[in-house]
Number of protein chains: 2
Amino acid sequence: MDVESGISRRGLIGGAVAGGAVLAFGGLRQSASAASSSGSLPSNVDVVVVGAGISGLMAARNLVKAGKDVLVVEANDRVGGRVLNHTLNNGSVIESGGAFVGPTQNHILALAQELGVPTFKEYVAGKNVYAAKGMKLQYTGTVPPDPLILADAALLQLRLDEMSKQVPVDAPWTAKKAAQWDSITVEQWIKRNTILPRVREVLLAYLQPSFGTDGTNMSLLFLLWYIATAGDETHPGNFTRSSSTADGAQDSRFVGGSGLVPQRMADALADRVALNAPVRRITQSASDVRVATDRGTVRAKQVIVAVPPPLALGIQWSPALPSRRRQLLQHMPMGQLMKCDAVYAKPFWRDKGLSGSGVATYGAVRAMFDNSPADSSCGVLLGFVGGSTWQTYGRKSLAERRAAVLEGFALFVGKEALNPVEYVEHDWTLDQWTKGSPIASPTPGAITAYGSTIREPAGRVHWAGTETATYWSGFMDGAVRAGERAATEVAALA
Amino acid sequence: MDVESGISRRGLIGGAVAGGAVLAFGGLRQSASAASSSGSLPSNVDVVVVGAGISGLMAARNLVKAGKDVLVVEANDRVGGRVLNHTLNNGSVIESGGAFVGPTQNHILALAQELGVPTFKEYVAGKNVYAAKGMKLQYTGTVPPDPLILADAALLQLRLDEMSKQVPVDAPWTAKKAAQWDSITVEQWIKRNTILPRVREVLLAYLQPSFGTDGTNMSLLFLLWYIATAGDETHPGNFTRSSSTADGAQDSRFVGGSGLVPQRMADALADRVALNAPVRRITQSASDVRVATDRGTVRAKQVIVAVPPPLALGIQWSPALPSRRRQLLQHMPMGQLMKCDAVYAKPFWRDKGLSGSGVATYGAVRAMFDNSPADSSCGVLLGFVGGSTWQTYGRKSLAERRAAVLEGFALFVGKEALNPVEYVEHDWTLDQWTKGSPIASPTPGAITAYGSTIREPAGRVHWAGTETATYWSGFMDGAVRAGERAATEVAALA
């Protein structure tokens with residue numbers, strides 16, 4: 001280990017021990033050598049971590065704390081994975097990827113505090129807006145008070161919560177009714193359990209942003225498990241926490257953008273993070289494991305793979321990964337999701353008594369949030385365009401989609417929405433190194449057949465990534481938890 | 001083009017023009033330079049074909065005939081993809097992969113004739129055996145005469161045929177009921193349309209060998225389409241042809257093994273086939289396309305990708321593939337299938353009046369075939385172990401699985417089956433460069449959402465592989481047809 005990275009390591013540990021050592025980390029971020037973008041890699045380390053998303057970086061961070069020599073190899077030219085800051089023309093920062101945090105997400109919250117990234121509450125004052133064909137309502141809370149859906153929706157939620165309680169977060173395949181629940185799609189289950197199609201339309205405002213799918217290809221067992229993981233060891237998950245803004249998964253955001261979290265972790269890891277280093281082959285022998293990247297091959301004692309499931313499939317494995325593991329990876333497609341943001345001089349909807357939240361059963365924007373920066377120096381509306389809505393609008397021209405998204409915003413907050421000062425969008429399906437967003441969802445039958453391999457090491461290879469978490473899977477919190485778990489697993493071996 | 005490959009090209013065209021020029025091709029196979037296994041690749045060709053399975057080789061063959069300079073790059077150290085000969089200890093040859101051919105599969109049959117590979121009829125004289133708990137029957141034909149299934153099975157077949165007639169082979173997503181049929185799994189549809197669970201158990205003898213899955217994760221629309229493709233332009237597909245031995249998909253086999261077909265194509269292409277050359281990146285520009293392999297980068301005007309769908313996902317694409325195409329690739333997992341063969345001094349079951357075909361509702365062998373070589377110089381029984389049966393037996397030790405498979409054979413043909421002179425198995429899920437077998441099946445929702453991209457070129461990139469065929473998709477015939485279609489598409493452009 002060279003002198004410079006030795007210094008970085010001390011900085012890292014110091015920051016961690018000091019807790020709220022914001023300035024130390026801020027200083028480190030400016031002064032430390034950044035992640036390397038080119039040049040040769042070290043030939044030999046204790047642990048190689050594949051993927052510099054929050055999960056991989058967290059694993060590396062903890063392994064460094066444990067005294068291990070670590071290298072994080074990242075295919076992309078940046079860190080953060082599905083978490084990505086975007087700077088607006090006016091200098092404000094918003095997120096193009098994962099952004100929200102909430103109660104019981106204590107691992108991401110603790111990490112952010114350690115890194116000096118404070119949170120602020122998502123704006124919820126005022127009324128939400130609900131739009132369905134021939135109806136527009138203002139309301140508070142999570143469920144729109146559409147008389148056509150209320151009874152069904154209440155019952156649906158009750159059933160989801162009751163069933164999800166029967167699904168162990170660490171082994172959903174052992175649920176008593178696992179086979180039955182894994183045999184049907186979420187879409188079908190909803191159809192069977194509701195009277196009016198509108199309930200499903202409303203539920204898309206949850207499904208599309210959460211999974212990037214309408215549930216047409218997603219196992220019901222997976223949804224039940226996902227809901228069960230929306231909590232922590234002392235607060236069992238439930239649908240309300242999984243779907244709500246205040247006190248739920250969308251409760252708060254990070255000042256300066258969630259992208260600061262992976263960025264500051266990477267800064268502290270300094271040249272232990274290697275960018276532009278896609279992994280092509282992982283070769284295990286009795287004595288070591290070799291990770292071949294476009295920037296050279298690194299030998300290690302153990303490897304942590306912290307990439308979206310379909311990407312692990314693209315690596316050439318020798319020996320082959322266990323078959324059931326490879327089958328699992330093939331049965332976890334990534335969702336389809338875009339985030340579309342419109343920027344206004346100020347959050348004008350607030351003056352109208354509106355929260356900036358909206359749910360619609362039609363159009364390009366099924367779910368809208370207020371995405372203004374913490375200081376409200378400008379107003380930003382965020383529309384999720386996912387699943388079948390992405391199918392429709394994702395393939396239109398930018399101009400057409402922009403117009404449709406702005407119309408969607410205007411439906412909720414008025415005509416002023418049609419004239420933003422800036423429009424920004426990010427289509428995660430186009431991202432070479434994530435292949436979709438926000439998460440990978442198992443298709444029917446996959447959890448019961450292959451699910452038990454989700455965290456099962458394959459020789460010297462261990463698994464991180466939010467999909468391997470047992471709480472808040474699919475969220476930044478799950479990514480942190482998975483990274484921590486993988487680091488603990490490996491620290492004992494490397 | 002160098003002198004040697006010029007000679008090879010003349011040999012190829014000569015053979016093709018001469019039709020049954022068996023000896024010329026036989027001679028070529030012995031004398032021509034083989035596919036290259038190492039060393040640098042040409043820097044510039046008209047067309048690069050990715051994948052040296054039957055489909056890619058067929059595309060290359062036709063493009064060479066059209067006067068194009070072609071290079072086939074293959075990741076593996078052999079050609080053939082999912083078609084693979086295996087030489088037994090006694091020198092006889094059997095197949096570890098795709099083997100059967102039948103009526104209306106005119107493209108593979110014509111190709112094989114051109115290459116001098118004759119067919120012989122699969123042995124069907126004598127009785128088949130059906131085994132269910134508490135019942136064993138001998139019968140002829142396709143459907144076991146179990147009184148507990150007959151009524152249901154007949155109705156099921158009728159319904160499948162009626163529905164599949166409504167599915168256009170070239171555009172299943174346009175079927176009137178496409179959305180409905182694409183929303184449920186095959187397993188669910190069967191459950192809904194049968195009274196007794198045993199019908200489904202029997203149907204597994206078709207589903208597991210054909211798809212490597214029980215249908216738990218497979219769209220009903222896909223099955224209907226697959227059945228519709230079991231024919232040709234003048235003989236609409238139907239379930240009987242898709243599932244039968246005599247006059248059906250398992251009617252005949254190739255003398256010397258199906259592996260001779262890709263081998264002879266590759267021999268004729270000589271050093272236009274490069275082995276050990278996994279493709280890592282495909283980069284398109286306004287003027288060309290560059291294919292980066294482990295053996296160097298090749299520039300071309302056009303590319304044909306003829307690999308199993310999940311493998312295309314593992315290539316680094318620049319620019320990114322169209323999103324819907326990448327989504328399709330993520331929603332087409334490969335099946336799980338092993339072929340297990342036991343070899344005996346002679347096909348002893350024939351003397352007992354048995355065909356060597358069997359269907360069971362339990363045990364390691366749900367579907368058995370007589371796999372003896374054309375000259376019956378020894379007896380070979382073939383068991384398919386796929387889907388949930390693979391889940392159970394694929395993870396056992398070789399000794400345990402061998403014992404279970406032999407017991408399965410003995411159930412059908414008697415105790416002599418327990419003592420083979422040789423036992424051979426091939427688990428396709430372990431194959432790095434296919435990732436499963438026999439085919440990739442779309443999960444629910446995928447065909448209607450993304451299916452229309454199945455043959456849609458992405459700039460200079462075109463698609464082959466049996467999954468892109470419109471007749472006999474999933475068979476060698478579909479592979480040939482897809483290769484021909486892709487070659488025609490590209491010949492006009494390169």
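Predicted model: local features only at pLDDT ≥ 70, side-chain atom pairs only at ≥ 80, totals over all residues.
Residues are numbered from 1 along each chain as its sequence is written, and chains are lettered from A and ligands numbered from 1 in the order in which they are written.

- The contact takes 36 residues from chain B and 36 residues from chain A; two residues are in contact if their C-beta atoms, placed from the backbone, lie within 7 Å.
- On the side of chain B that touches chain A, α7, α12, β14, α13 and α17 of chain B each supply at least two residues, and the largest share, 5 residues, comes from α13(B).
- Helices (H or I, at least four residues) and strands (E, at least two) are DSSP runs, numbered from the N terminus.
- By class, this side of chain B has 12 nonpolar, 18 polar and 6 charged residues; Ala, Val, Leu, Ile, Met, Phe, Trp, Tyr, Cys and Pro count as nonpolar, Asp, Glu, Lys and Arg as charged, and the others, Gly among them, as polar.
- The same surface serves both copies, as 97% of the contact residues of chain B recur in chain A.

**Helix α13 of chain A**

- Helix α13(A), residues 323–330, is mostly covered, with 8 of its 8 residues buried (20 or more other C-beta atoms within 10 Å of a residue's own, C-beta atoms being placed from the backbone).
- The buried residues of α13(A) pack against α12 and α17 of chain A, together with α12 and β19 of chain B.

**The sheet of chain A**

- An open sheet of 7 strands with mixed pairing has the order β7-β6-β16-β17-β18-β15-β19 in chain A; two strands pair if DSSP finds at least two bridges between them.
- The edge strands are β7(A) and β19(A), each of which pairs on one side only.
- Strand β16(A) is largely enclosed by the rest of the structure, because 7 of its 7 residues are buried.
- β6(A) and β16(A) pair in the parallel sense over 4 bridges, with V129(A) opposite G358(A).
- β16(A) and β17(A) pair in the antiparallel sense over 2 bridges, and G358(A) has M368(A) as its bridge partner in β17(A).
- The hairpin of β16(A) and β17(A) has 6 residues between the strands, and G363(A) in the turn has a positive phi of about 85 degrees.
- Strands β17(A) and β18(A) run antiparallel and are joined by 4 bridges; M368(A) stands opposite G383(A) in β18(A).

**Helices on the sheet**

- Helix α8(A), residues 197–211, packs on the sheet, and its direction makes about 110 degrees with that of β18(A); axes are lines fitted to C-alpha atoms, for helices over the stretch in contact, and angles run from 0 to 180 degrees between N-to-C directions.
- Helix α16(A), residues 398–413, lies across β6, β15, β16, β17, β18 and β19 of chain A and runs at about 115 degrees to β16(A).

Key: Buried ≥ 20, exposed ≤ 12 C-beta atoms within 10 Å, placed from the backbone.
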